[in-house]
Every structure is written in structure tokens, then in C-alpha cells.
Amino acid sequence: LAAAALTTGDNFLALNLASIWCHQQSLASGWGTSEEAFTDNMMGEIVASGGREATRLLDIMFTASQNIGDKDRAMGLGRFMIHDPRSRISNLLLEGKMELAASLCDSGLSSRAVLSSGLVSSLHSMGLHHTLASYIQSAEVSNDQFREYQQECSWRLEAWDQLFPEEATKTFSGCILGGLESGLRSQTEGLSSWYKAGLSIVRSDIERLGIESSSGVYPVLSKLRQLSELVRLGDKDNINSETMEALQERDNLPCSDFKYYEPILTQRLMLLSRNGKQFLDDMTLKTSKRAREAGHIWVCNRIQKFYTSVEPSVRLEEANVIFCQGQKEAGILLAKKLLTELDENNKSQKNCKILAQSNLSLGNWLYEQKSEANLKILEKYLLKSVSILKENLKDSTDEDLIDAYLAVASLTDKLYIQTRDFLNSSQFKERNEAMERNKKEASILTKAVNKEKDLNLPRVIKERFCRLDSTEAEDYKKQ
């Protein structure tokens with residue numbers, strides 16, 4: 001019954017029937033009435049002892065959870081999916097472990113042709129569209145999903161020679177490919193026809209799949225917005241400051257996942273590169289920042305080709321991207337190089353913001369890497385960032401100023417806790433005791449110097465160490 005409900009698209013009914021079956025099995029085995037029910041996991045017990053039926057039911061629940069957008073439930077169920085490589089690949093993709101999923105697919109392709117679907121999904125999630133396009137062309141398997149991916153790769157790679165209208169009208173990505181080709185050639189009539197074809201496909205998907213939860217709305221809204229922007233930005237007469245402000249306001253609306261925004265933003269940059277270059281750098285910078293914060297570093301790398309000039313803001317974003325993708329030292333060096341080249345005497349708002357952001361990012365990175373002393377990081381970078389923003393920005397509620405204050409507060413709090421713990425530690429007490437002993441020994445040597453001149457050097461050494469210890473102890477207490 002659960003499998004039938006899933007086949008008909010009734011995902012909630014499938015989950016309910018599957019849950020009932022699980023509880024029946026736990027009661028039949030006596031597990032549900034034992035003390036283990038309070039400490040162990042029911043799904044783990046059922047999968048371990050339930051055989052093929054339990055495995056099948058787990059697949060049903062996992063698929064239904066994905067369909068309704070319940071990511072937490074799907075990830076929880078995915079941890080028990082150890083029976084089949086395809087199941088493990090699906091769970092790895094859900095957890096964002098794309099490289100591991102692709103590796104598992106690649107190792108099993110020679111013996112399991114069905115794993116090609118998982119490899120395609122992995123390559124798509126990692127943004128390897130060149131590799132994906134080549135693989136799909138060479139693969140023997142051909143279905144609707146593969147054709148959709150192939151058309152998407154074509155428009156992302158700007159492969160206009162891969163446009164075949166008869167095939168393109170059958171997929172949403174094919175309509176985007178045709179629409180972009182028409183828009184970049186300023187063919188408004190062709191653009192309108194591709195828009196209608198894409199709208200028809202989205203309408204058919206809504207009628208066929210249905211929407212049972214709010215998560216199902218986001219993919220549909222993403223496609224509809226992509227089509228609307230395609231028509232709007234495909235006509236160069238519509239590209240102006242008012243249009244760009246309206247689009248950015250829509251960008252600020254909440255969305256569950258950046259993956260629904262990414263195709264819209266990439267398409268926007270492609271159209272602006274032909275019809276609105278005056279807005280291209282600013283939009284590319286904002287897209288890169290948004291992708292970086294969402295963890296989609298491949299997007300940042302892919303859109304670098306859209307920059308028309310290498311301004312300080314672009315260089316700072318490049319340093320941020322390089323640091324976030326694991327090249328920590330390279331990111332720090334780029335930020336330091338940028339700081340040395342920025343003019344501190346330039347009091348323009350744009351320059352002050354870049355200068356403050358560079359100091360803030362560099363301070364946070366150096367603290368994370370433990371590359372410099374904490375007090376030096378605080379004074380040289382973080383506090384400097386705050387002072388630059390306070391002195392040169394009229395709007396004291398600026399987001400950059402809030403971030404700078406937050407970074408200062410966070411570091412000073414950590415320094416306070418670190419110093420407090422050290423002052424209360426047994427190590428500091430032992431050092432105080434050693435310092436007192438050194439003072440007493442120095443006092444004894446001072447009295448003995450009048451009788452034994454050879455003791456003058458040990459006395460000087462003892463007194464010097466006493467002063468150093470006392471100074472260090474006072475510094476800790478001041479902190």
C-alpha cells in the first residue's frame with residue numbers, strides 16, 4: 001500500500017502507511033514493549049532484522065521525505081541506507097558530499113549501469129557542466145532527466161550550436177537555451193515563443209506532480225521567475241536602473257535553498273554581459289558573495305569571467321573565495337597585498353568600505369589560523385576597521401559597522417575567557433609561587449653580596465627574572 005501511494009504521488013499517505021508498518025513490526029518482534037525501546041533506535045532495529053521488506057520500506061520513506069521537502073527526515077533515514085550503492089549515493093548527495101558520491105558512482109559504473117544517474121546528479125551538483133555534457137553525450141542511457149541535464153549544460157556553456165528547436169521545446173532547460181539564444185540575438189519574437197513553451201512545460205509539471213507542501217513551491221517559483229527575467233532582460237530596452245533595483249528587491253526575498261536562485265542569477269549575468277554591461281560588475285559581485293555565503297564556491301569560480309574590471313572590491317571577493325575554498329594562506333596573502341595598495345588617505349565612502357572590509361576579513365582569518373598574536377589582530381585589524389567606518393560613514397547602522405563591532409566583541413570575549421581561565425589555573429599559581437621564591441632568593445643574594453662579590457651576577461639575574469615575571473603577571477591582570 002505504501003509503494004502504491006508513492007507511485008500515485010500521495011507522499012504523506014505513503015509515509016503514514018510506512019510508519020504503521022514499522023510500529024507493527026516492532027510490536028510483533030517484542031521490541032516495542034521492551035526496555036530497549038527507550039534507548040535504541042526503532043529504524044535501526046527494523047533494518048538490521050527486517051530483511052528485504054524493511055529495505056524496500058526504507059527506500060519508500062526516504063523517497064517520500066525527499067518529495068515533500070522534509071530534508072531532516074530524509075537525512076535521518078539515509079543513515080540506515082547501507083544495503084545498496086544507489087541508496088548510499090542518494091544519501092551522500094542529500095548531505096552535500098558530492099565528491100564522495102561521484103567517486104562511488106565512478107567505481108561502480110563498470111558493473112552497475114544504473115549508477116550513471118547518481119553520477120550525473122553528482123556532477124551537476126558540483127557544477128562540472130563541461131564534464132557532465134561530455135559524459136551524457138557518450139552515455140548509452142537516454143531519458144527525460146538526461147535530456148534536461150544536457151540542455152541545461154548547453155545554455156550554461158553558451159553552446160548555441162547545440163540548439164535543436166524540436167528537442168528543446170520538450171524540456172524546460174531547452175526553452176531557456178532557445179530563449180537565451182534569441183535574447184542575445186535581440187530576436188524578441190523568438191524570445192516570446194520560447195517563453196510560452198517554457199510556461200507550458202511548467203504548467204504541465206504542476207498538473208502532473210501536484211504540490212503537497214511548501215517546499216514543492218520553490219522549484220516552480222524558480223522556473224517561473226527564470227522565465228519572467230528571460231523575457232524582461234532579453235529586451236535591452238528594459239534594462240535600466242529601475243529594473244535592476246526591482247530585481248535586487250526580489251533577490252532579498254527569503255528562499256529555502258540557494259540552488260533555486262542560482263540558475264536565475266547565472267542567466268541574468270549572461271544577459272547583462274550582452275545588453276547591460278554597466279550593471280554587470282556590481283551584479284556579478286553580489287552574486288559571488290551570495291553564492292560564497294551559501295557554500296556554492298563553484299558558482300563563484302564560474303562567474304569570474306563576467307567581471308569587466310579588476311577593482312579593489314573584486315580583488316577582495318577573490319580573496320574571500322580563495323580562503324573559503326581551503327586555500328587559507330593564499331587568501332590571507334591576497335588580502336594583505338590589497339591592503340598595502342589601498343590608499344588610506346582616500347576618504348570616499350567606497351574606498352573606506354573596502355579598506356574596512358579588508359581589515360575585518362584579514363583579522364578574522366588571522367585569528368582563525370592563529371597566524372599572529374591576538375592583541376595584534378585586535379588592534380591592527382579589527383579596531384582599525386571599526387574606526388574607519390565610524391569616522392567616514394554617516395549611517396552608523398551600516399551592516400559593515402555592525403559586523404566590525406561584532407568581530408571585536410567576539411575576539412575580546414574570547415581573550416577575556418582565555419585570560420580568566422589562565423589566572424585561575426594551577427599553572428599560574430605555580431608561577432606566582434616560583435616568583436615569590438625568586439624574590440626571596442634575590443633578597444638573600446643582595447645581603448650576601450657585601451661579603452661575597454662573586455654573588456653579584458646571580459643576584460642581577462634573579463632580580464631581572466623577578467621583574468619580568470612581575471611585569472607579565474600584571475599584564476595578564478590588566479587584560
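The largest cavity in this structure has a volume of about 70 Å³. A cavity here is a set of points, on a 1 Å grid over the protein atoms alone, where a 1.4 Å probe fits but cannot get out. Grid points are joined across faces, edges and corners, and a volume is the space filled by probe spheres set on the points. Rolling a probe the size of a water molecule over the atoms shows where empty space is left.

Before I continue, a word on the source. This is a predicted model, in which local features need pLDDT of at least 70 and side-chain atom pairs count only at pLDDT 80 or more, while totals for chains, interfaces and linings use all residues. Residues are numbered from 1 along each chain as its sequence is written, and side-chain values use heavy atoms, with hydrogens and water left out.

Let me turn to the chain as a whole. Its secondary structure comes to 25 helices and zero strands; helices (H or I, at least four residues) and strands (E, at least two) are DSSP runs, numbered from the N terminus. Of the 479 residues, 41% count as buried, where buried means under 20% relative accessible area, exposed over 50% and partly exposed in between, with a 1.4 Å probe and protein chains only. The chain exposes about 26900 Å², of which carbon and sulfur atoms supply 51%; these areas come from the Shrake-Rupley method with a 1.4 Å probe, and for residues only the protein chains shown count as cover. Among contacts (heavy atoms within 4.5 Å) with a separation of 6 or more, residues 24 or more positions apart account for 57%.

I return to the cavity. How many cavities of 30 Å³ or more are counted? The count comes to one. Its lining is made up of Arg156, Glu262, Thr266, Met270, Trp298, Val299, Arg302, Ile303, Lys305 and Phe306, lining residues being those with an atom within 4 Å of a point. Helices α16 (262-275) and α18 (297-302) each supply at least two residues of this lining. By class, the lining divides into five nonpolar, one polar and four charged residues. In this scheme Ala, Val, Leu, Ile, Met, Phe, Trp, Tyr, Cys and Pro count as nonpolar, Asp, Glu, Lys and Arg as charged, and the others, Gly among them, as polar.

The next topic is pairing between charged side chains. Side chains of opposite charge can pair when their charged atoms come close. A search of the whole structure finds 17 salt bridges, each defined as a side-chain nitrogen of Lys or Arg within 4 Å of a carboxyl oxygen of Asp or Glu.

One of these joins the side chains of Asp251 and Arg225, at 2.4 Å from N to O. This pair links distant parts of the chain, with Asp251 in helix α15 (residues 241-251) and Arg225 in helix α14 (residues 217-234), 26 residues apart. Are these two residues buried or exposed? Asp251 counts as buried, at 7% relative accessibility, and Arg225 likewise counts as buried, at 8%. Both belong to a network of salt bridges that links Arg225, Glu229, Asp251 and Arg268.

Another salt bridge is formed by Glu341 and Arg315, at 2.7 Å from N to O. Here too the pair links distant parts of the chain: Glu341 is in helix α20 (residues 328-341) and Arg315 in helix α19 (residues 312-324), 26 residues apart. Glu341 counts as partly exposed at 44% relative accessibility, and Arg315 counts as partly exposed at 23%. Glu341 also forms a salt bridge with Lys337, the closest N and O atoms being 2.6 Å apart. Because Lys337 and Glu341 are four residues apart in helix α20, they are separated by about one helical turn.

Helix α19 also holds Glu317, which counts as buried at 6% relative accessibility. Leaving aside residues up to four places away in sequence, Glu317 touches Leu285, Ser288, Lys289, Arg292 and Tyr307.

Finally, consider Ser385 in helix α22. Ser385 counts as buried, at 1% relative accessibility. The C-alpha atoms of Ser385 and Ser358 are separated by 8.2 Å, although the two residues are 27 apart along the chain. Not counting residues up to four places away in sequence, Ser385 touches Ala356, Asn359, Leu360 and Ala404.

Terms used:
On a 1 Å grid over the protein atoms alone, a cavity is a set of points where a 1.4 Å probe fits but cannot get out, and a pocket is an open set with protein on both sides within 12 Å along at least five of seven lines; lining residues have an atom within 4 Å of a point.
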